[in-house]
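Student: Could you help me learn to read a protein structure, one feature at a time?

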Amino acid sequence: LRRQRQMCKETGTNTGIADSVAEELRAGGWNIVSTSSLSDTDPESPEATNTLIFITEEGYRDEANNLSTKFPGSIIAVSDQFPDPVTLVVGTDFID
């Protein structure tokens, strides 16, 4: 389990939970380099229904799979939408 990869934590909701989720992940050994609300980075973006884990390339799939155990049902996708190797976008499914 490699948890030292640089990871960004976004929340896809406007609930302000990014910091609390990030603290839980840090306590578990994850290297969280930033937190924000998706609405801060993209004000036109709708709330995320599903929790998403974006990786910049397949080489980060193991980290994403390990992270997904904390967020059952999360969707893993390869994307260049975010600059960090692994980006977690917490959706409303995690809050419910």
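**Reading the model step by step**

Tutor: Partly exposed lies between buried, under 20% relative accessible area, and exposed, over 50% (1.4 Å probe, protein chains only). This is a predicted model, in which local features need pLDDT of at least 70 and side-chain atom pairs count only at pLDDT 80 or more, while totals for chains, interfaces and linings use all residues. Residues are numbered from 1 along each chain as its sequence is written, and side-chain values use heavy atoms, with hydrogens and water left out.

Student: Which residue forms a salt bridge with Arg-61?

Tutor: First, the rule: a side-chain nitrogen of Lys or Arg must lie within 4 Å of a carboxyl oxygen of Asp or Glu. Here the partner of Arg-61 is Glu-58, and their closest N and O atoms are 2.8 Å apart. Glu-58 is partly exposed, at 47% relative accessible area.

Student: How many salt bridges are there by this rule?

Tutor: The count is 2. Glu-23 and Arg-26 form a salt bridge, with 2.8 Å between the closest N and O atoms. These two residues sit 3 residues apart in helix H1, which means about one helical turn separates them.

Student: How many helices and strands does the protein have?

Tutor: We take them from DSSP runs, numbered from the N terminus: helices are H or I with at least four residues, strands are E with at least two. The protein has 4 helices and 5 strands, and along the sequence they follow the pattern β-α-β-α-β-α-β-β-α.

Student: Which residues of helix H1 are buried?

Tutor: In H1, residues 18-27, they are Ala-18, Val-21, Ala-22 and Leu-25. Looking down the axis of H1, these buried residues fall within an arc of 100°, so they line one face of the helix. That arc is taken from the directions from the helix axis to the C-beta atoms. Glu-24 and Ala-27 are exposed on the face of H1 turned away from the buried side.

Student: Which way do the side chains of a strand point?

Tutor: In a regular strand they alternate between the two faces of the sheet. Now try strand E5: Val-86, Leu-88 and Val-90 point one way, Thr-87 and Val-89 the other way, and all are buried. Since 5 of the 5 residues of E5 (residues 86-90) are buried, the strand is largely enclosed by the rest of the structure.

Student: How many bridges join E3 to E5?

Tutor: Two strands pair if DSSP finds at least two bridges between them. E3 (residues 52-55) and E5 run antiparallel and are joined by 4 bridges. One to look for pairs Ile-53 with Leu-88 in E5.

Student: Which residues touch the most other members of the largest nonpolar core?

Tutor: A nonpolar core is a set of buried Ala, Val, Leu, Ile, Met, Phe, Trp, Tyr and Cys residues joined through side-chain atoms within 4.5 Å. In the largest one, with 15 residues, they are Val-21, Leu-25, Leu-67, Phe-71 and Leu-88. H1, E3, helix H3 (61-68) and E5 each give two or more residues to this core.

Student: What is Phe-71 in contact with?

Tutor: Contact means heavy atoms within 4.5 Å. Setting aside neighbours within four places in sequence, Phe-71 is in contact with Val-21, Leu-25, Thr-51, Leu-88, Val-90 and Phe-94.
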